[in-house]
Amino acid sequence: MTPAQMKDAILHHLVYTLGKDAAHAQTYDWRMALSFAVRDKIVDRWFEATRRTYAGQHKRVYYLSMEFLIGRLLKDAIINMRLEEAAIDALQELKVDYQAILEDEPDAALGNGGLGRLAACFMESMSTIGCPAMGYGIRYENGLFRQRFENGRQVEEPEDWLSQRHAWEFERPEVSIDIGFGGHVQEIGKRANWYPSEMLIAMGHDTPIIGWRGRWGNTLRLWEARPMHGFDLQRFNRGDYAAAAEPEALARTLSRVLYPDDTTEQGKELRLKQEFFFTSASLRDILRRFESEYDDLRLLPKKAAIQMNDTHPAIAGPELVRLLVDERGIDFEEAVGIARNTLSYTNHTLLPEALERWDEGLMGRLLPRHLQLIFRINELHMKDVGTRKVTAVDDGHVKMGELSFIMAHRVNGVSALHTELMKSTVFKDLHELHPNRIVNETNGVTPRRWLLSCNPRLSTLITDAIGDDWVDDLEQLEKLEPHIDDAAFLESYAAAKRQNKNDLANWIAEKLEVGIDPEAIFDVQIKRIHEYKRQHLNLLETIAHWLEIRDNPNQGWVPRVKIFGGKAAPGYVFAKEIVRLTNDVAKVLNSDPLTSRYLKVVYPPNYNVSLAEKLIPASDLSEQISTAGKEASGTGNMKFALNGALTIGTLDGANVEIREHVKPENFFLFGMTADEVMERRRIGGHAGQAIAADPRLARAIEAIRAGRFSPDDPGRYHGIVDNLVHHDYFVVCSDFTDYWRAQREVDTAFAAPKDWARMAAFNTARSGWFSSDRTIRGYMADVWHAEAAPTVEDAAG
Ligand SMILES: *Cc1c(COP(=O)(O)O)cnc(C)c1O
């Protein structure tokens, strides 16, 4: 596409799709016009991919996920279609600011964090590889809340990404599926009829996800809940206006909110309804498509692979069995076999509070037939394995992890360490009974968004050095290794980072009104706020460091800027206190004339995908400091290493594999191992001992306790202090001393800029393995037994 053609296409949509005259068009209008111009180009390729999938009778992958943290889509689409030059030139002629257009797009936050972002990276990688696939989820009207700070405290506001027309989706009213809840079951022989008492409709909305070079496009289908019988005119005519609108409001509730936490179980009826709603709609859509092509249901596992992203879609097991047995007359045991060979399950957490369990009473009321089938599935499994040792139903609860395991032919962990811990802890007994079922698929991130698009300076440098094959074969980055010994290359590498840091410093000055030194270490911890992720360990070190600088302000300290980002779940009290403490610490440190040129703290609000894209390319140091054994994988850690930030981290999740790839000498390791953590916890008073042994730690805790960061309310953080001193389940105190040591090593290393640049460049060169393309190829080979389809020719731009 030439710039002139692009300009014509933009103007065409501006006038005929948006009904705007160029003279009166606003940023929004230009953004929509550009989006539609780009979308047109995508649609042809998307259709072609669908045609090829049908024609080749390829196996399809279905990725069921309660969350898709997709972020903005315009730049991604432009880059993957290689339309950036055309778009920039066309807009320049039209005198429209390209960057302003990109920034105008709402960030679609249909997820909480890592789990949802993983699903989004997977969608992009499946399209890049040409794996015929479809993502299924919920079209939340309000995604994750927007975070604001008020006197340091987190305030949540609804996210209204759909208040403007959404450029990327196509409404599919013809894909409307009835979903029932409640009611009763009538058994007839081996089958049963379920008569739900409540019905609503799931309507599909399709977003095309285009892969790199536009070679393939898959669909993300998100379900919207609609009432069965819309508006009640009779009631309205009787003057009962609120009641007339009630069915609609009730139905809409179902796809209204994203539960704002992915690590604690929400014992909410609505949550279970959401899970069944999207899972059932997706399965019935999948079966409808299958039956339009094949007439033998026993072929299902050969033609469809259904992935359950965590246990949120775990009801897929019993629901698929129900659809096969009750609605299609297949024998129960055969149906369980078909379902199991089609389904697989990804486990994302070992935290006991995050493993979903549903009360049998609730399950029986909402899904009476499913509860019956869960009991039968469980009995059959116990009979098959010859022991009653493991069960999916226990103590009046349905355990969704066990149910998923029993109903899946493959169960995977998301990093090597996490997979081994799964085998030895949560699924120990099941693993012994099914030793081949658990496999590892270490997470990855898409290099298109997380390098090519978010870090153009580094991308250009890499392409100049080794060509652009790295974009879809990220392990090609190893070809950078010989360049790392070239002083000119290293200087350019460091210059790209410096410019990114300058840009970020300017943005922070403008948005937060805090001046930061671009020469300082940009030390970044961005992720959900959670006790196990230990933002408070980072804060304690910050405070101890500040106190030490105050003791000796003229000692020539290496300047540092601590950058925090992250949301706390609205009901998570401890996390919200950490948010507030971070802001309080920032206030005191940033205004301390003795120390502020050496140490500042900034905390931009509303961490999301777009903010991550801004911060990561400008980072020097990546904080991955969770308690060993608690972070299943992490994916933030991979984005940082790829963009040349060095990691300070524990042996947790994928940190272990990152350290192996980038070599131990290019990674700042500290802290106890997972085994040592478990040992340490057995020592009574472990926190008190650690505090007594380290005066720096004692002083930092005392500063918080005495109210130095909350002089107007000295007792504000006694909860945090109490937790640290008396409980400290996440062994913050016991890891502090080693963390401090590693941080001082960081100071020393950063003071030698050439060596630092070499280590950073080595991180980039060795991070190729962490591409989600590699992860997807792993799933295709080990879990889905699916092959890529022949893709279409490259988009020429
Ligand atoms: C990558 C990413 C995450 C995951 O970060 P972790 O550090 O792995 O927890 C969370 N949120 C956003 C917006 C991300 O881009």
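Gln-57 sits in the loop between α2 and β1 (60-64). The model described here is predicted. Although Gln-57 is not a glycine, its phi is positive, at about 50 degrees. The relative accessibility of Gln-57 is 40%, so this residue counts as partly exposed.

Val-731 belongs to the loop between α29 (718-727) and α30 (732-750). Its surroundings can be judged from its accessibility. Val-731 has 0% relative accessibility and therefore counts as buried. The cut-off for buried is under 20% relative accessible area.

Helix α2 spans residues 27-55 and contains Arg-31. The relative accessibility of Arg-31 is 3%, so this charged residue counts as buried. Its side chain has a polar partner. The side chains of Arg-31 and Gln-164 make a polar contact at 2.8 Å.

Glu-171 lies in strand β7, which covers residues 170-181. With 47% relative accessibility, Glu-171 counts as partly exposed. Along the sequence, Glu-171 and Trp-212 are 41 residues apart. In space, the C-alpha atoms of Glu-171 and Trp-212 are 25 Å apart.

The ligand site comes next. The shell around the ligand holds 16 residues, and those that come nearest are Lys-527, Lys-533, Thr-635, Gly-636 and Lys-639.

Several polar atoms of the protein face oxygen atoms of the ligand. At Lys-533, a polar side-chain atom lies 2.8 Å from a ligand oxygen. At Thr-635, a polar backbone atom is 2.8 Å from an oxygen atom of the ligand. At Gly-636, a polar backbone atom is 3.0 Å from an oxygen atom of the ligand. On its own, the ligand has 390 Å² of accessible area, and the protein covers 96% of this.

Helix α21 covers residues 535-551, 17 residues in total. From the first C-alpha of α21 to the last, the helix reaches 25 Å. This is close to the 24 Å expected at 1.5 Å a residue. Is α21 largely enclosed or largely open? Of its 17 residues, 15 are buried, so α21 is largely enclosed by the rest of the structure.

Leu-547 is one of the residues in α21. Its relative accessible area is 5%, so Leu-547 is buried. Leu-547 and Ile-101 are 446 residues apart in sequence. Their C-alpha atoms are 44 Å apart in space.

Notes
Residues are numbered from 1 along each chain as its sequence is written. This is a predicted model: local features need pLDDT of at least 70, side-chain atom pairs count only at pLDDT 80 or more; totals for chains, interfaces and linings use all residues. Side-chain values use heavy atoms; hydrogens and water are left out. A residue is near a molecule or strand if one of its heavy atoms lies within 4 Å of it. A polar contact is a pair of N or O atoms within 3.5 Å; within protein, one must be able to donate a hydrogen and the other to accept it, and residues adjacent in sequence count only if both atoms are side-chain atoms. Accessible areas come from the Shrake-Rupley method with a 1.4 Å probe; for residues, only the protein chains shown count as cover. Helices (H or I, at least four residues) and strands (E, at least two) are DSSP runs, numbered from the N terminus. The expected span of a helix is 1.5 Å times one less than its number of residues. Buried means under 20% relative accessible area, exposed over 50%, partly exposed in between (1.4 Å probe, protein chains only).
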